[in-house]
Amino acid sequence: MKTLSISLTTTLPLPFSLSRTVTLQAPICFPPTFCSSSSSSFTMSDASNSSTTLEKQFDHLRHQLDESGSLRERIRAVVMEIESTTRTMHSCILLVYQSRPIPEVLEKANAQIPVLKELYHQLAEILKGSDQYYRFHGDWKNETQTVVSLLAFLQWLETGNLLMHTELEEKLDLKSSHFCLDIEDYLTGICFMSNDMPRYVVNQVTAGDYDCPRKVLKFLTELHAAFRMLNLRNDFLRKKFDGMKYDLRRVEEVHYDVKIRGLTKTGDATGDQGTTHGQ
């Protein structure tokens, strides 16, 4: 440390003059870089470590984003194929509105089920071990709901019964623990299937099948009653379920119109009464 000498001369009020020189020593500190080399070295090292840690973190985040983007691209490629397959299946089902034989419609549409099964198997393989099902679920949610609707409608055309959740999982081989059929997707797809029922009834009556409204009315009535057992939140699924009552009302109107015109068979009245009492 350097010192600065200051000389002071004072004159005392005495009979004679006395000169005294006083020397004061005071430290003069130069800039911090010259004052303490140890303190300066610690600060620079700390800043360097902080910069390295920040760089490592963002480099790790960059790798995660790259992997996530690559995974999403693979998923979307498969989803596009699922969408294409559902369009083909839907075009086959539309033949039923042209009074084509149901066995013919079922044969053409069911031919796409193995394709869908393989595509969902590919999705399951992509997500295998990642534990990120619900992170990417939105990428295939809409397409899955459409698949549920189409397969459930095919099942009803073939058997007159509802395709159960477990049955649909078996059809598509969605039984693994990390990739399954989401319950809300299944329920939403069933609601979509309900939307197709009024159109089907009108086309069948036009083609001369006057017993179809009664069958569809019974099915929708039971389905609507089953949905009412669920405690649905006020979301998209709830809105779709609320729309089911309008599908039911339209079918009721067609059934009523056919009945008052005397187009139903004699035995239908008993069946209608049984359905009404069951409601």
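Student: Which element gives the largest share of the lining of the largest pocket?
Tutor: This is a predicted model. In the lining of the largest pocket, the largest share amounts to 8 residues. The element that supplies these 8 residues is helix 9.

Student: How much space lies in the largest pocket, and which residues are the closest to its centre?
Tutor: The space in the largest pocket comes to about 440 Å³. Its lining is made of 23 residues. Those closest to the centre are W156, G160, N161, L162 and F219.

Student: Which elements give two or more residues to the lining of the largest pocket?
Tutor: Helix 9 supplies 8 residues of that lining. Two or more residues each also come from a helix spanning 141-159 and a helix spanning 183-206. The elements are therefore helix 9, helix 6 and helix 8.

Student: How do the residues of the lining of the largest pocket divide into nonpolar, polar and charged?
Tutor: Trp, Leu and Phe count as nonpolar, whereas Gly counts as polar. Over the lining of the largest pocket, the division is 16 nonpolar, 3 polar and 4 charged.

Student: Is T221 buried or exposed?
Tutor: T221 is part of helix 9, which covers residues 212-227. Buried means under 20% relative accessible area. T221 has 12% relative accessibility, so T221 is buried.

Student: Which backbone oxygen does the side chain of T221 reach?
Tutor: A polar contact requires N or O atoms within 3.5 Å. The side chain of T221 comes to 2.6 Å from a backbone oxygen. That oxygen belongs to L217.

Student: How many cavities of 30 Å³ or more does the structure hold, and how much space lies in the largest?
Tutor: Residues that line the largest cavity include Y133, W140, F179 and C180. By class, its lining has 7 nonpolar, 1 polar and 2 charged residues. The structure holds 1 cavity of 30 Å³ or more, and the space in the largest cavity is about 30 Å³.

Student: How far apart in sequence are the parts that the pair of W156 and Y200 ties together?
Tutor: The ring centres of W156 and Y200 are 5.6 Å apart and the planes stand at 90°, so this pair is edge-to-face. W156 belongs to helix 6 and Y200 to helix 8, so the pair ties together parts separated in sequence by 44 residues.

Student: What separates the C-alpha atoms of F136 and I75?
Tutor: F136 lies in helix 5, residues 133-136. With a relative accessible area of 0%, F136 is buried. F136 and I75 are 61 residues apart along the chain, and the separation of their C-alpha atoms is 8.3 Å.

Note on methods. Residues are numbered from 1 along each chain as its sequence is written. This is a predicted model: local features need pLDDT of at least 70, side-chain atom pairs count only at pLDDT 80 or more; totals for chains, interfaces and linings use all residues. Side-chain values use heavy atoms; hydrogens and water are left out. On a 1 Å grid over the protein atoms alone, a cavity is a set of points where a 1.4 Å probe fits but cannot get out, and a pocket is an open set with protein on both sides within 12 Å along at least five of seven lines; lining residues have an atom within 4 Å of a point. Grid points are joined across faces, edges and corners, and a volume is the space filled by probe spheres set on the points. Helices (H or I, at least four residues) and strands (E, at least two) are DSSP runs, numbered from the N terminus. Buried means under 20% relative accessible area, exposed over 50%, partly exposed in between (1.4 Å probe, protein chains only). A polar contact is a pair of N or O atoms within 3.5 Å; within protein, one must be able to donate a hydrogen and the other to accept it, and residues adjacent in sequence count only if both atoms are side-chain atoms. Rings of Phe, Tyr and Trp (its six-membered ring) pair if their centres lie within 6.5 Å; planes under 30 degrees apart count as stacked, over 60 as edge-to-face and the rest as tilted.
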